[in-house]
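Dear colleague,

Please read them with the coordinates open beside you.

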Amino acid sequence: MPKLGNYITGNWIAGDGEGQPLFNAATGEIIAHASTKGLDFAAILDYARTTGNPALRKMTFPERGRMLRALALHLREHLESFYRISYLTGATRADSWIDLEGGIGNLFSYASLRRKFPDQPFCLDGEGLALGKGGTFMGQHVLVPKEGTAIHINAFNFPVWGMLEKIAVNLLAGMPAVVKPATVTSFLTEAVVREIIASGILPPGALQLICGSAGSLLDHVMSQDVITFTGSASTGLQLKAHPRVLAESTPFNMEADSLNCLVLGDDVEPGMPEWDLFIKELRREMTVKAGQKCTAVRRIFVPENKLAEARKALIKAIAQTTIGNPENEKVRMGPLAGQSQRDEVRAQVTKLLASSQLIYGSLDSVELIDGDASRGAFLSPLLLLNEKPFTAEEPHSIEAFGPVSTLMPYKDIDAAVALARKGKGSLCSTIVTADADIARQYTLGAATHHGRILILNNECAKESTGHGSPLPLLVHGGPGRAGGGEEMGGIRGVKHYMQRVAVQGSPSMITHLTQTYQPHAKQTLDEKHPFRKYFEELQVGDTVITHKRTVTEADIVNFANISWDHFYAHTDHTSIEGTLFEKPVAHGYFILSAAAGLFVDAGKGPVMLNYGLEECRFLKPVYAGSTIGVRLTCKEKIAQEKREEKDIPRGIVKWYVDVYDETGESVAIATILTMVQRKP
């Protein structure tokens with residue numbers, strides 16, 4: 001039998017010995033062996049830190065994002081070969097779509113996030129803070145990539161998505177990764193990594209793979225590393241308490257299995273669209289990936305007066321699930337990942353039966369299409385009923401990681417919230433309701449115990465991704481039993497792999513450091529107007545100080561007429577008493593427009609267009625007779641990519657607009673954006 005490779009220190013290396021056998025989940029046949037015996041784990045981590053990390057740290061966010069996009073496009077070309085291997089894990093085509101194309105989708109999502117970051121290897125975290133009255137001392141939080149490696153210890157249920165959703169984030173942040181997939185399905189992870197390495201898209205050391213035991217890997221972690229773990233809470237706690245992890249204060253993010261719940265609002269009646277959504281969602285959550293999802297619904301709460309009808313409808317829906325060989329097109333649920341996993345689920349269900357009864361399915365028999373129950377890891381969907389959820393602890397503390405859920409009644413929405421909390425922390429919960437008040441009451445009551453809450457009704461059903469689908473731009477994780485960590489979450493996730501440092505100094509020093517202009521920093525005056533400079537010629541701090549203009553009553557009246565903004569503070573002399581103003585005040589948007597008239601260079605030049613307004617504050621009233629001037633300063637430059645070959649090369653320039661009056665005080669500040677042409 002073939003032995004899986006470990007991709008380490010730039011080479012594919014097989015571990016020593018025979019290794020652990022890996023099985024076809026549907027037939028029980030051995031398909032490969034996996035071993036990490038003999039690997040030098042210290043050298044693996046050192047290679048990531050000394051080779052992969054420097055290469056990624058030098059790249060800017062846009063460069064890393066384009067790298068992710070290229071990788072996603074490359075993997076998409078090889079999907080069919082991945083699908084064929086995925087069947088061996090017990091996944092149907094639909095199951096595999098979530099794992100494979102969902103994982104690639106994460107790469108695309110994080111590639112797109114490059115536009116939210118500066119054209120630098122690092123980024124700012126929040127706004128600059130003035131620390132002195134004179135404007136000479138300030139602070140700014142800065143995020144830089146950590147100098148270690150991300151260590152991803154993943155679960156068996158999503159061998160591809162589990163890897164790609166994590167490395168997309170650390171690679172965009174500028175950190176390499178060492179991936180350790182769960183051994184039982186690592187043959188699929190290995191196939192995808194082989195294609196990643198063959199593509200040559202990632203720099204050396206950016207990604208390493210170990211298939212088999214983690215061995216002494218954690219004995220060599222350092223403070224600059226980041227560990228992420230997905231799996232059982234018991235294993236996660238053992239790893240989190242590793243002496244080396246504690247001694248080095250190595251960041252440890254855990255996402256553990258949890259007893260997620262779905263609540264049927266007491267406003268929902270049979271025949272309503274929400275009733276059908278409730279039944280459909282539960283059937284899907286019980287059977288997709290044979291219930292082997294950390295987000296699957298384990299607890300079902302329904303109003304006690306609808307328990308009988310819900311029970312009948314659920315049983316009818318679940319009974320329509322065809323089970324068998326995942327390669328058969330008629331099959332909707334395949335086997336569990338392995339027979340040991342099936343044995344574990346049976347043992348956990350037996351514990352649940354101490355206080356619940358089985359109302360659908362069998363622990364011992366299952367009707368199959370094109371499958372052999374004696375060889376494959378097949379299991380019937382199992383629906384349990386517990387009629388005393390407040391006194392029975394088993395449904396709220398024991399998880400059977402398979403197609404298993406427990407139906408329970410509740411009296412009112414406060415009781416539903418209390419039952420949801422009894423899970424002691426979950427990854428996600430869903431409330432199915434057409435009543436906004438019920439949705440609000442449940443969500444705010446249950447929010448402390450869940451990482452994500454889906455409010456599902458007929459309005460969002462068409463586009464809803466469902467209860468069990470973590471999304472790249474939303475956090476994935478949960479409090480308490482769910483591990484207390486967070487993954488993904490868009491920009492939030494990227495920051496997990498970066499070190500936040502508070503930098504203090506003069507505005508000029510902070511400007512030079514961050515390449516983002518800070519108020520009160522030195523400005524560079526040039527005879528050449530900044531609008532006459534190409535993108536490459538502009539430097540952060542380039543400034544033009546304009547001529548001045550006196551605002552007249554006619555300006556205010558004319559702007560009111562042309563904008564049709566006749567707000568009393570601008571036009572009604574009789575209504576000023578008791579307001580903040582001494583007399584009719586100029587419109588804020590007139591001040592901004594007048595400022596543009598002062599700083600814009602009218603002739604044709606490299607500035608192609610006004611791209612937008614990012615922020616604007618009106619700080620002081622401007623009355624007729626006031627004289628205003630503008631300081632326009634290049635604040636930040638962001639290179640843009642050409643979408644088509646014929647596109648004009650260009651970038652986006654952010655300008656700090658400071659409008660001041662005859663006293664020298666600022667009356668308005670804004671950040672405007674222009675599209676600026678690159679040199680021909």
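Just after helix α16, Gln 515 takes a positive phi of about 60°; please bear in mind here, as in everything that follows, that this is a predicted model.

The helix itself, α16, spans residues 507-514, and its buried residues are Pro 507, Ile 510, Thr 511 and Thr 514. Seen down the axis of α16, these buried residues fall within an arc of 105°, so they line one face of the helix. As a general point, an α-helix has 3.6 residues a turn, so residues three or four places apart point the same way. On the face of α16 turned away from the buried side sit Met 509 and His 512, both of which are exposed. The cover over the buried residues of α16 includes the strands β5 (123-124), β7 (138-145) and β22 (498-505).

The closest N and O atoms of Asp 125 and Arg 500 are 2.5 Å apart. Asp 125 counts as buried because its relative accessibility is 15%, whereas Arg 500, at 43%, counts as partly exposed.

In total the structure holds 29 salt bridges. Another of them joins the side chains of Asp 225 and Arg 49, with an N to O distance of 2.7 Å. This pair, too, links distant parts of the chain, since Asp 225 is in the loop between β10 (207-209) and β11 (226-231) while Arg 49 belongs to helix α1 (residues 41-58), 176 residues apart. Both Asp 225 and Arg 49 are buried. There is also a network of salt bridges that links Arg 66, Arg 114 and Glu 641.

Finally, I looked at Ser 626, which is placed in the loop between β26 (607-618) and β27 (627-639). With a relative accessibility of 11%, Ser 626 counts as buried. Leaving aside neighbours within four places in sequence, Ser 626 is in contact with Arg 549, Thr 550, Val 551 and Glu 662. Of these contacts, Arg 549 forms a salt bridge with Asp 555, the closest N and O atoms being 3.0 Å apart. Arg 549 counts as partly exposed at 29% relative accessibility, while Asp 555, at 15%, counts as buried.

Note on methods. Residues are numbered from 1 along each chain as its sequence is written. This is a predicted model: local features need pLDDT of at least 70, side-chain atom pairs count only at pLDDT 80 or more; totals for chains, interfaces and linings use all residues. Side-chain values use heavy atoms; hydrogens and water are left out. Buried means under 20% relative accessible area, exposed over 50%, partly exposed in between (1.4 Å probe, protein chains only). Helices (H or I, at least four residues) and strands (E, at least two) are DSSP runs, numbered from the N terminus. The arc is that of the directions from the helix axis to the C-beta atoms. Contact means heavy atoms within 4.5 Å. A salt bridge is a side-chain nitrogen of Lys or Arg within 4 Å of a carboxyl oxygen of Asp or Glu.
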